[in-house]
Amino acid sequence: MKNFFVVLGGMGTMASESFIHVLNQRTPAYSDQEYLNYVLVNHATVPDRTAFILKRSQEDPRQALIEDIKQYDKLGPDFFVLTCNTAHYFYEELSQVTTRPLLHMPKLAVREILQENEGKKGKIKVGLLATEGTVQSNIYSQELENTGRIEVLIPSDKWQQKVTDLIYRDVKEKKFFNHELYQEILHYMIVEKQCDVCLLGCTELSLMEANAPKHFYPVVDAQSVLIDETLKLGIEMQKNR
C-alpha cells in the first residue's frame, strides 16, 4: 500500500474506534476508492500513561510506543497520528524515532482555540478537562500559556475527581456515557469558573462529547481537531496516488 498514514491507537480502544468512525464520516467519499488509506494500530496493552506519569506504576508505556513507530515506519507511511492526549507527554522522544511527521494534538487544539477567539479582547479563559496525568504533566497548560493570550483554568481537586470518574469509571470501565455528570462538569467550568471555552484533552471525553445530547457549552474537542488535520493531510496525500 502506498500513500497511507498510521494511526497509533488502542489508548483506549473505544476512543480509537470513535476516531476512525468520525474520520470516515467526514471523508468526502462517494466510492470505496475515495476513502483514505491508513493502518490502525490498536495497541490495547500499552501501559497506562497517567499511572506512569504520576508514579503510580512502574510500567513504562514509552517502549511499546517506540516499538510501534519503528515497526510501522518500515512500511513507509506519509505520517503518524497519535490519538492519546496523555501519550503526548512522550512526544519529543517518539518523534525522534522516525523522520516522518508525527501530528501534535495539543498544538493543533491550541491553534483552534486561538482561531475561534481571534477577535476577543483580553485573555481567553480556557478550562482544561483531561486526565490527572495530562493536567499535572502540563502537556496542554504549557502550550496554552506559551501563546501569551490564554489563561488556563484547572478544576479543583473535587472537580478533577469528577472528571477522572467520568473518564475511567464511566467511559473506560463501564462503557457508560454519564450525560448528567458531563454537563455538570461543563456547567461548573463555563458558568461557575467563567471559562470562555472548555478544552477536551482526553479521548474518552471526546467520546463523551460525541455521544452527549446537544448542549450549548462552548468546547474545543482536541480529538475532533486532530481528525480534521488528519483528513486535510490525508486528502493531500490522496492526490499523489
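Helices here are DSSP runs of H or I with at least four residues, strands are runs of E with at least two, and both are numbered from the N terminus. Hello everyone, and thanks for coming.

With that naming, let me start at N85, in the loop between β3 (80-82) and α4 (91-95). Before I go on, a word on the basis: this is a predicted model, where local features need pLDDT of at least 70 and side-chain atom pairs count only at pLDDT 80 or more, while totals for chains, interfaces and linings use all residues. Residues are numbered from 1 along each chain as its sequence is written, and side-chain values use heavy atoms, with hydrogens and water left out.

So, is N85 buried or exposed? N85 is buried, at a relative accessible area of 2%; buried means under 20%, exposed over 50%, and partly exposed in between, with a 1.4 Å probe and protein chains only. Its side chain makes a polar contact with the side chain of Y140, at 2.4 Å. By polar contact I mean a pair of N or O atoms within 3.5 Å; within protein, one must be able to donate a hydrogen and the other to accept it, and residues adjacent in sequence count only if both atoms are side-chain atoms. Leaving out residues up to four places away in sequence, N85 touches M105, T134, I139, Y140, G201, C202, T203 and A222, where contact is heavy atoms within 4.5 Å.

Keep M105 and A222 in mind, please, as we turn to the helices. Helix α5 (residues 105-116) and α11 pack at about 95°, their axes 9 Å apart. That makes α5 roughly perpendicular to α11. The contact is made by M105, L108, A109, R111 and E112 of α5 with A222, Q223, V225, L226 and E229 of α11. By class, those residues are 6 nonpolar, 1 polar and 3 charged.

A quick note on terms. Axes are lines fitted to C-alpha atoms, for helices over the stretch in contact, and angles run from 0 to 180 degrees between N-to-C directions. Under 35 degrees is roughly parallel, over 145 roughly antiparallel, 65 to 115 roughly perpendicular, and the rest oblique. Ala, Val, Leu, Ile, Met, Phe, Trp, Tyr, Cys and Pro count as nonpolar, Asp, Glu, Lys and Arg as charged, and the others, Gly among them, as polar.

Now the sheets. Which order do the strands of the open sheet of 4 take? The order is β5-β4-β6-β7, with parallel pairing; two strands pair if DSSP finds at least two bridges between them. At the edges are β5 (150-153) and β7 (219-221), each pairing on one side only, and the twist averages 30° from one strand to the next.

Strand β4 (residues 124-129) pairs with β6 (residues 197-200) over 4 bridges, with G127 opposite C198 and L129 partnered by L200. On the β5 side there are also 4 bridges, and I124 stands opposite I150. In β4, 5 of the 6 residues are buried, so the strand is largely enclosed by the rest of the structure. Helix α11 (residues 222-238) lies across β6 and β7, at about 50° to β7.

And finally, the open sheet of 3 strands: β2-β1-β3, again parallel. Its edge strands are β2 (38-42) and β3. β1 (residues 5-9) is joined to β2 by 5 bridges, and G9 has N42 as its bridge partner.

Thanks, and happy to take questions!
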